[in-house]
Amino acid sequence: MKTNLKAVLTGTHTLSGNEAFIEGAFAAGCRFLAAYPIMPAIETIERYLKRSAEVGATFIQMEDEISALAAVIGASWTGKKSMTVTSGPGFSNMMEHLGLGVMLETPCVIVDVQQSGPSLGIPTRAGQGDMMQARWGSHGDYEVITLSPSSPQEMFDFTIKAFNFSEKYRTPVIIMSDEYVAHKKEKVIIPRADEIKITPRRYFKGQKDKYLPFKRDKDFVPRMVDIGDGYKFHVTGLTHDDKGYPIMLEECQEYNVHPILWKIRNDTEKIIEFQEIGTKDAEIVIVYYGATSGAASKAIKQARDLGIKVGSLKLDTVWPFPDKKITELAEKVKAFVVPEINYGQIVSEVERCSYGNANVVFVSHGENGIDNTEDIVSAIKLALNEEKIKKGIIEYQSQTGRV
Amino acid sequence: MEPLRKTEKDIHPMDDLLRMDRIPHIWCPGCGIGTAVTAFAAGLAKAEIDLTKTCIVSGIGCTGRVAGYVKLDSFHTTHGRAIAFATGIQVANPDLKVIVFSGDGDLISIGGNHFIHAARRNINMLVICVNNFIYAMTGGQVAPTTPLATYATTSPFGCVEPPFNIPYLADSSGAVYVARWTALHVRRLTNSIAEALKKPGFSVIEVISPCAMYYSRINRLGDGLDMMKFYHDNTEIRHGEDTKNLDIGFQTKIIVGKFVDRERPTYMDSYNKWLSGTKKD
Ligand SMILES: Cc1ncc(C[n+]2csc(CCOP(=O)(O)OP(=O)(O)O)c2C)c(N)n1
Ligand code: SF4
Ligand SMILES: [Mg+2]
C-alpha cells in the first residue's frame, strides 16, 4: 500500500477522543466510513469529513445503523479498510451485522461511544453499560476482540491496534469508548508514518479458480481476496464449507463455527494487553478500564499514601477477558475492587475468574460521577477489613450523595 | 464403471455464469425463480459487461438463494439488508456493477427502508425483485405485496392489508429505470436486464413469479404451469404506463412493461463533484 502522508498527522496535537479516533483510523489505513448520526459520536463524522478529501477516504451517511454496518462489511470486501461509529441505541441496531461480520470473517472496526442506557438513557452522559453487549449481544456463538481506551492518546493507539487485529484475525473489532473519553481534550502524539506498525490484509495469491474463502491457514485464519479481482467467490451468513457454500448439517456447524472462535481463543495471550502496576506485594488490586481510569489512579495513590498495599490492573483489552491473569492474582491477593460506570458487568468476570480465592468488591459509578475517587478509596478500606472470603460480589454501598 | 465423457452437448450454455457444482438447486418444480435466473444469466451475457467487475448480493428467502448459484463475486447476506450491503460495495469501489437479487418480502418489507433510500440516493445498482406475493421460504405468510383478500398462513380470512405497488414505490423514491415482467416473459425480461445493467443509477426490475408450493396451493390456483397460463391470459404490456396505475389485486390483470427510464446524477457523481470542489481550495 502506498502511504498517504496526509493521512498521518505526525506531531503533537490537542485532540478529543473522538478526533483522535479518526486520526488513528486514517493512520491505520482506513478509507471508508458508513455511519448514522448519534450523540456523543457525531464529532467523529465531522472530523472524518474535514479530512477525507485530502486523505482520499469515502463516507456515506446511511439510513440507520443496521445499514451502516452492512455497508461497512460490503465495503471491506472491496479491499478498503472500513469502519463505523455509534453509541448505545445504534450499537443495539448493529448486533445483527456484528454476527454477519463474524460469520463472513470480514475485517472491520466498530466504535461504540457509550452513553447511559437502557434505551435512550442520557445521551450526553458517559456510561460503561454496553460492555456485555459487545461480547454477547449478537445471537449465536462468537468471540470478538474489544479494546477499551481511557484517553485520547489511547484512542489513537488502540484504533490502530483495532484495525491491525481485524486484519490479522479477519474479524470485526470493537472499540468501547464513552462520552468522557470522546469529549476529553488532551495532548496526542502522532508518530511518523514509518513508525506506525500496520498489519496489511492477508491475501490469497493462487490460481483464480482455486480460491476457497474459508479455507483456514495454519493460524486458523482464512485468506481474503477483493471483489473484482476475478476469483468469483461466494460467501454466506449460513453455516458453510470452505467454498462458502451453505451446508445445513451439524458436522458443518462444528467445522465452520468452532474455528471462528478458536482463531481468537488460541491467540488470547497475544491479543490481551493490560497495564499491571504494584501487584507484587499488593493486598488489594483495583481492576478498571476506560473512563474510570482517572478516578481509579487517584484512589490508588490516596490509598498508598494511607499505607495500604494497593496494586492495579488496567484492562486495555476487555474481550477476550484476561481470565488467567485474574485467577493468578486471586491466589495472591485479599480482594479485587472493581469500579465501573454501570450496575455491574466486568466485575462478574472478575468474580468468575477468582474461583472464590479473593473477595470482589464492586463500586458502581452509576450515579456518582466519573471522578468519584472517594467511593473507591472507601471500597478499598472495606475490602481490607473483610476477614472472610464471601461468596459472590460484595457491592460497595456509596456514602456520597446517592439520591 | 467409466464415467461418461462430457460431450459438446452436455455443456450447458450457461455453465460459465452459473455455479454448476451447486446444481441441483433448492427450488421446487414449477417455481419461477429459476426462470428469473435464466433470464438474468442471459441478460448478463447479452449486456457484454465485464463480469469480473460485476457482483451480486442477495438477502434471505427462496429468491435470496440466487446469489449462491451465480458465478460472480457473490454474497448471501442477512434478511432485508442486501441493498445496504451492496451500497457499501458500490460506494467503496465505484468501478463495480452491483446487482441485488432478492424477494418481495426481503426487499420491500424488512428491507423497505434501504430500498427507498438507495433509490433516493441513486446508488448505481440493479435490483431484481422476484415478487411471488408471499413469504415463501418461511412457508407462505403475508408479504407486503400480498393482494387484498388473498389467503396466506397468517391471513386465514384473506389478507386485510393493501399491498405495495413496487414500480410506483421505486418510481416515487427516485429510481431511474423501472420495469415489470412475469416469469413467462423470459425474452423481454432478458432484454430488460441487459438494458438496465448498462444504465448507471438505481434500476428496479420486478419479476412476478409463481410460488407453486405455497401461494398457488394456499389459494387453490393450481400448479406452476397454471400460474403461467394465468400470466399468459391476464398480462398486458403497457410501456411508459404511469406507475400509479400498476396495482395488483387477487388474480386481476397484471400490467407489465418498462415504465421509467430517465437520467439523474448518481450518488457517486454528486460525491465526486463535491470532492473535486474541496480539492481545488
Ligand atoms: C431477521 C430475520 N427475520 C426473519 C427471518 C425469516 N425469514 C426468512 S426468509 C423470510 C421471508 C422471505 O420472503 P421473500 O423475500 O418474499 O422471499 P421468497 O422466499 O418469497 O422468495 C423470512 C421472514 C430471517 N431470516 N431473518
Ligand atoms: S417455496 Fe415457492 S418460491 Fe420457494 S422454491 Fe418453492 S415454489 Fe419457489
Ligand atoms: Mg416472496
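**Charged pairs and a bent helix**

Tutor: A:Lys390 counts as partly exposed, because its relative accessibility is 41%. Buried means under 20% relative accessible area, exposed over 50%, partly exposed in between (1.4 Å probe, protein chains only). This is a predicted model: local features need pLDDT of at least 70, side-chain atom pairs count only at pLDDT 80 or more, and totals for chains, interfaces and linings use all residues. Residues are numbered from 1 along each chain as its sequence is written, chains are lettered from A and ligands numbered from 1 in the order in which they are written, and side-chain values use heavy atoms, with hydrogens and water left out.

Student: Which residue forms a salt bridge with A:Lys390?

Tutor: A:Glu386, with the closest N and O atoms 3.6 Å apart. A salt bridge here is a side-chain nitrogen of Lys or Arg within 4 Å of a carboxyl oxygen of Asp or Glu. A:Glu386 counts as buried, at 17% relative accessibility.

Student: How many salt bridges over all chains?

Tutor: The search of the whole structure finds 40. One of them joins the side chains of A:Lys185 and A:Glu19, at 3.7 Å from N to O. A:Lys185 is in strand 8 and A:Glu19 in helix 1 of chain A, 166 residues apart. Helices (H or I, at least four residues) and strands (E, at least two) are DSSP runs, numbered from the N terminus.

Student: A:Lys185, buried or exposed?

Tutor: Exposed, at 53% relative accessibility. A:Glu19 is buried, at 16%.

Student: And A:Lys161, what does its side chain meet in a salt bridge?

Tutor: The side chain of A:Glu273, at 2.6 Å from N to O. A:Lys161 lies in helix 6 and A:Glu273 in the loop between helix 9 and strand 10 of chain A, so the pair ties together parts 112 residues apart in sequence.

Student: Switching to helix 4 of chain A. Where does it bend?

Tutor: At A:Met95, by about 45°. The bend is the angle between axes fitted to the seven residues ending there and the seven starting there. Helix 4 covers residues 88-103 and reaches 23 Å from its first C-alpha to its last, close to the 22 Å expected. That expected span is 1.5 Å times one less than the number of residues.

Student: Which residues of that helix are buried?

Tutor: Among them are A:Phe91, A:Met94, A:Met95 and A:Leu98. Just after helix 4, A:Glu105 takes a positive phi of about 50°.
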